[in-house]
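Please consider the protein shown below.

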Amino acid sequence: MSQTSDASFLVVRLVPGQDLYNEIEKIIVENHISAGYIATVVGSLTKVNLRLANTFDCLEKEGHFEIVSVVGTLSPQGLHIHMCISDHTGATFGGHLKPGNLVYTTAEIVIGVLHQYSFLREQCPLSGWPELVVKKMNE
C-alpha cells in the first residue's frame, strides 16, 4: 500500500571529525522527526564503518573516501540507512551505515520530513529483521 504526504526539508552541514550516523540520529531526536528520509548526502570520510549484507560483520576502513550515495528511512525507533563510498582508485563499497563514519572535509545532508506519518520498526517474521511500519498520524 502506498502513502502520500507533504514534506519539508532540513539541511545540515557536518564538519571534520563528526560522526555521520550519530549526527543524523541527533538531528532526528532534536527536531522531533517521526518519519524522515535521506534526500541526499554529499561529502567525504576518513573512517568508514558499514554492516555488510545479511550478516553482523562490518567493513571498517581508514583513509580518504568520497560519499557516493546515501539512502534511508529515519525515525526515533531507528535509522535504516545504506551508504556507498569510493576510495582513491574509484573502488566502491556499500552497506548499512553504523556509528564510526567520520567526516573528512564536509557532509552536506538534506533530510525530508513527512509530517502526516510516523515510521515504526517491528520485527518481521518473514525477514527476521525489524522492518518499516508506516502509521498515519492521528490514527
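The description begins with the whole chain and then turns to particular places.

This is a predicted model, in which local features need pLDDT of at least 70 and side-chain atom pairs count only at pLDDT 80 or more, while totals for chains, interfaces and linings use all residues. Residues are numbered from 1 along each chain as its sequence is written, and side-chain values use heavy atoms, with hydrogens and water left out.

The protein contains 1 helix and 8 strands; helices (H or I, at least four residues) and strands (E, at least two) are DSSP runs, numbered from the N terminus. Read from the N terminus, the order of these elements is β-α-β-β-β-β-β-β-β. The C-alpha atoms fill a box of roughly 50 × 35 × 20 Å along the principal axes.

Contact is defined as heavy atoms within 4.5 Å. Among contacts between residues at least 6 apart in sequence, 62% join residues at least 24 apart. The accessible surface comes to about 7,900 Å², and 54% of this belongs to carbon and sulfur atoms; such areas come from the Shrake-Rupley method with a 1.4 Å probe, and for residues only the protein chains shown count as cover.

How much of the protein is buried? Buried residues make up 36% of the 139 residues, where buried means under 20% relative accessible area, exposed over 50%, and partly exposed in between (1.4 Å probe, protein chains only). A nonpolar core is a set of buried Ala, Val, Leu, Ile, Met, Phe, Trp, Tyr and Cys residues joined through side-chain atoms within 4.5 Å. The largest such core has 26 residues, of which L20, I24, L74, M83 and L97 touch the most other members. At least two residues of this core come from each of α1 (20-30), β2 (36-51), β3 (58-75), β4 (78-86) and β6 (102-114).

L74 is found in strand β3 and counts as buried because its relative accessibility is 0%. Beyond neighbours within four places in sequence, the contacts of L74 include I24, I28, Y37, I38, I81, I111 and F119.

Other residues lie in loops. P16 is located in the loop between β1 (7-14) and α1, and its 51% relative accessibility is why P16 counts as exposed. Residues up to four places away in sequence not being counted, P16 touches V103, Y104 and T105. The C-alpha atoms of P16 and Y104 are separated by 4.9 Å, although the two are 88 residues apart along the chain.

H32 has its place in the loop between α1 and β2, and N54 in the loop between β2 and β3. Phi is near 50° in H32, a positive value in a residue other than glycine; for N54, also a residue other than glycine, phi is positive and near 55°. H32 counts as exposed because its relative accessibility is 70%, and N54 counts as exposed at 71%.
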